[in-house]
Amino acid sequence: MQYIDTRGNCEPVSAAKAICLGIAPGGGLFVPEYFPQYMPDAKDLAAKSYQKLAEEILGLYLSDYDSAEISCLVKAAYYSGKFDPGIAPCVSVGERELLELWHGPTAAFKDMALQLMPYLLTGAMQKTAQIEGGGQKEVIILVATSGDTGKAALEGFKDVSGVKIIVFYPLDGVSRVQELQMLTTDGNNTFVVGVHGNFDDCQTAVKEVFSNKELKERLEQKNMVFSSANSINLGRLLPQVIYYYYGYGQILAKGRIRAGEEIDVVVPTGNFGNILAAYYAREMGLPIARLICASNENNILTDVIKNGVYDCRRPFYKTNSPSMDILISSNFERFLFEACGRDAEAVNSAFSSLRENGYFNTPEAALKYWSEFMLGDYAGEEECSQTIANVFAKDSYLLDPHTAVAVAVADRNAQNGTRRQMIASTANPYKFPAAVLSALGVPSVGMEPTALTDLLAQKTALAVHPALAGVEKKEIRHRRQVDREQIGQAVGEILGI
Ligand SMILES: *Cc1c(COP(=O)(O)O)cnc(C)c1O
C-alpha cells in the first residue's frame with residue numbers, strides 16, 4: 001500500500017515515509033491509494049479482541065511493517081490494565097450506543113491513537129534509515145497543545161527509546177487539571193514548558209521552530225530530527241479506524257443489531273480526524289448508513305456539509321467543549337479529496353481560495369457525493385447543558401460537554417429510532433467538572449480541581465477516572481516557563497545543542 005498526496009505535489013510514499021514526514025512537502029496530506037475491504041462475518045467480528053482487530057486492520061494499511069512487528073506494536077499499545085475497564089467499551093444509554101474512547105492512561109480520547117503512534121513512528125524511523133542510509137536519528141517530538149493532546153502525547157512517548165518529547169502549553173489557556181496532568185508527567189525523555197501567551201502564540205512559535213534553518217542544522221549535527229504528533233499524521237489516523245469495528249462488534253454481541261444491519265455513527269468533531277476514521281471504516285465495508293458530524297457553536301463544518309461553503313470569516317467562540325473550538329479543521333482536506341473524486345487540482349484550488357479569500361466553495365459533484373451519507377448539525381451551549389441534565393436524569397448516565405454535543409445532535413436526528421446509533425464518547429466527565437456541575441444546576445464557582453471532583457463524585461456517585469484522581473498530590477516535575485520569543489532558545493537548551 002502506498003500513500004498519495006491530496007495536493008499532488010509529492011510522489012506516492014510508503015506508510016513508514018508518510019508517518020515520518022507527517023505532512024506532505026507542499027502542505028498536502030497523505031491518504032491510502034485505495035481502501036482495503038475488511039468485513040469479518042458477524043459471529044467472528046463480535047468475538048474479536050481489540051488487539052486482534054488492530055492487527056488485522058493495521059496489517060491492511062501498513063504493508064511495509066511485517067505482521068510480527070505489528071503484533072508487537074499492538075501488544076505494547078493496547079492492553080487491559082492500561083485501558084481500564086476495557087479498551088473501548090460500548091455502553092447502551094437508552095436506545096443509543098455510546099462508544100467510550102476515554103479509558104486510556106490520560107482519560108482522553110487522544111490516547112486511542114497516541115498510545116500506538118510512538119511505536120509506529122520509531123518503526124518508521126528504522127525503516128527509512130535502512131532505506132535511505134545515514135543511521136537512525138533521535139526523534140524530537142514538538143507539540144503545542146491547548147489541553148488534552150499534550151498529556152496524551154507525553155504519556156504515549158514517555159520512555160520510548162530514541163525519542164524526546166517537548167510540549168508547549170499556554171499558561172493562561174488550559175484548565176488547572178490539564179496543567180497538573182502535564183506538569184506531573186514522569187519519564188526520562190519528557191519536557192513540558194509553560195508559555196506566557198495563548199494557544200495561537202504557542203502554535204505559531206512551534207511552527208517557527210520547525211522551519212528554523214539554523215536550529216535544524218544544529219540538530220542534524222547531533223543526529224536528531226524534529227517530528228510532530230498532531231492529528232494530520234497518518235500514524236494517528238489509522239489507529240482510529242479500529243474502534244469503529246470494535247464498537248460495531250460489541251453492539252452485535254449484545255444483540256442490539258442483526259448481522260449486516262446498518263447503523264448511524266455520530267461524532268463530536270473538531271479537527272475531523274475521528275469522523276474521518278469512521279468514513280474510512282465505511283469505505284472498508286463496515287455497515288454504516290450515515291455519518292453525523294456534530295459541532296458546537298463553532299459550526300463551520302455544519303455549514304460546509306449542508307451547503308458546500310467553507311467560510312472562516314466568522315466569529316470564534318470559546319465553549320465548554322474546547323477541543324471542538326476549531327475553525328481550521330485540518331483533516332477535512334482528506335474527505336474533500338475523496339469527495340472530489342481524488343482530484344488534487346480541485347483540492348489545491350479550494351485551499352488557495354481559503355488562503356486568499358478566507359473561504360472556498362465545494363464543487364457541486366462533491367457536495368452531491370456526501371449529501372448521500374454525511375449529515376452536519378450542531379448544538380449550542382444551552383442545548384449541550386440541557387442534554388447533560390436530561391440524560392443524567394433519565395438514563396443515569398453522565399456525559400461530558402463534548403459527548404453531550406454529539407448526543408444532542410444524535411437525538412435530534414434519530415429518525416424515530418429506526419436505525420441504531422453509535423455515538424463516539426470522547427471525554428470523561430471528570431475532565432470538565434465545572435461545566436458538568438453547572439449543567440446539573442450545582443453551583444461551583446471558584447472551586448479548586450479536587451473540590452470540584454469531590455463535589456461531582458458526591459452528586460453523581462460516578463467513580464473518578466484514575467488518571468484524574470489526586471492529580472494535585474503528585475509531584476510537579478516540570479517548572480520551565482518562557483516568553484513566546486524564547487521557545488526556540490528553550491528547545492536548544494533542553495536538547496543541549
Ligand atoms: C480532540 C477531541 C475531539 C475532536 O476530535 P477530532 O478528531 O479533532 O475531530 C472531540 N472531543 C474531545 C474530548 C477531544 O479531545
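Modeller: A residue counts as buried when its relative accessible area is under 20%, and as exposed when that area is over 50%, with partly exposed in between. Keep in mind that this is a predicted model. Phe-373 has 4% relative accessibility, so Phe-373 counts as buried. Tyr-369 has 28%, so Tyr-369 counts as partly exposed.

Colleague: What kind of aromatic pair do Tyr-369 and Phe-373 form?

Modeller: Ring planes over 60 degrees apart count as edge-to-face. Tyr-369 and Phe-373 are such a pair, with 80° between the planes and 5.3 Å centre to centre.

Colleague: How many aromatic pairs does the structure hold, and which residues do ring pairs link into a cluster?

Modeller: There are 21 aromatic pairs. One of them is Phe-272 with Phe-335, a tilted pair at 5.7 Å centre to centre and 40° between the planes. That pair links distant parts of the chain, 63 residues apart: Phe-272 lies in the loop between strand E9 and helix H12, and Phe-335 in helix H14. Phe-272 and Phe-335 are both buried. Ring pairs link a cluster that includes Phe-272, Phe-335, Tyr-369, Trp-370 and Phe-373.

Colleague: Where is Ile-292 found, and which residues does Ile-292 touch?

Modeller: Strand E10, residues 288–295, contains Ile-292. Its relative accessible area is 0%, so Ile-292 is buried. Leaving aside residues up to four places away in sequence, Ile-292 touches Asp-264, Val-265, Val-266, Val-267, Ile-275, Leu-375, Val-409 and Asn-413.

Colleague: What volume does the largest cavity have, and which residues line the largest cavity?

Modeller: A cavity is a space where a probe fits but cannot get out, whereas a pocket is open. The search finds one cavity of 30 Å³ or more. The largest cavity has a volume of about 40 Å³, and its lining includes Thr-269, Ser-295, Asn-296 and Met-324. By class, that lining has four nonpolar, five polar and no charged residues.

Colleague: How much space lies in the second largest pocket?

Modeller: About 270 Å³. Of its 18 lining residues, Pro-105, Glu-155, Pro-466, Ala-467 and Lys-474 are the closest to the centre. The lining of this pocket has four nonpolar, seven polar and seven charged residues.

Key:
Residues are numbered from 1 along each chain as its sequence is written. This is a predicted model: local features need pLDDT of at least 70, side-chain atom pairs count only at pLDDT 80 or more; totals for chains, interfaces and linings use all residues. Side-chain values use heavy atoms; hydrogens and water are left out. Helices (H or I, at least four residues) and strands (E, at least two) are DSSP runs, numbered from the N terminus. Buried means under 20% relative accessible area, exposed over 50%, partly exposed in between (1.4 Å probe, protein chains only). Contact means heavy atoms within 4.5 Å. On a 1 Å grid over the protein atoms alone, a cavity is a set of points where a 1.4 Å probe fits but cannot get out, and a pocket is an open set with protein on both sides within 12 Å along at least five of seven lines; lining residues have an atom within 4 Å of a point. Grid points are joined across faces, edges and corners, and a volume is the space filled by probe spheres set on the points. Ala, Val, Leu, Ile, Met, Phe, Trp, Tyr, Cys and Pro count as nonpolar, Asp, Glu, Lys and Arg as charged, and the others, Gly among them, as polar. Rings of Phe, Tyr and Trp (its six-membered ring) pair if their centres lie within 6.5 Å; planes under 30 degrees apart count as stacked, over 60 as edge-to-face and the rest as tilted.
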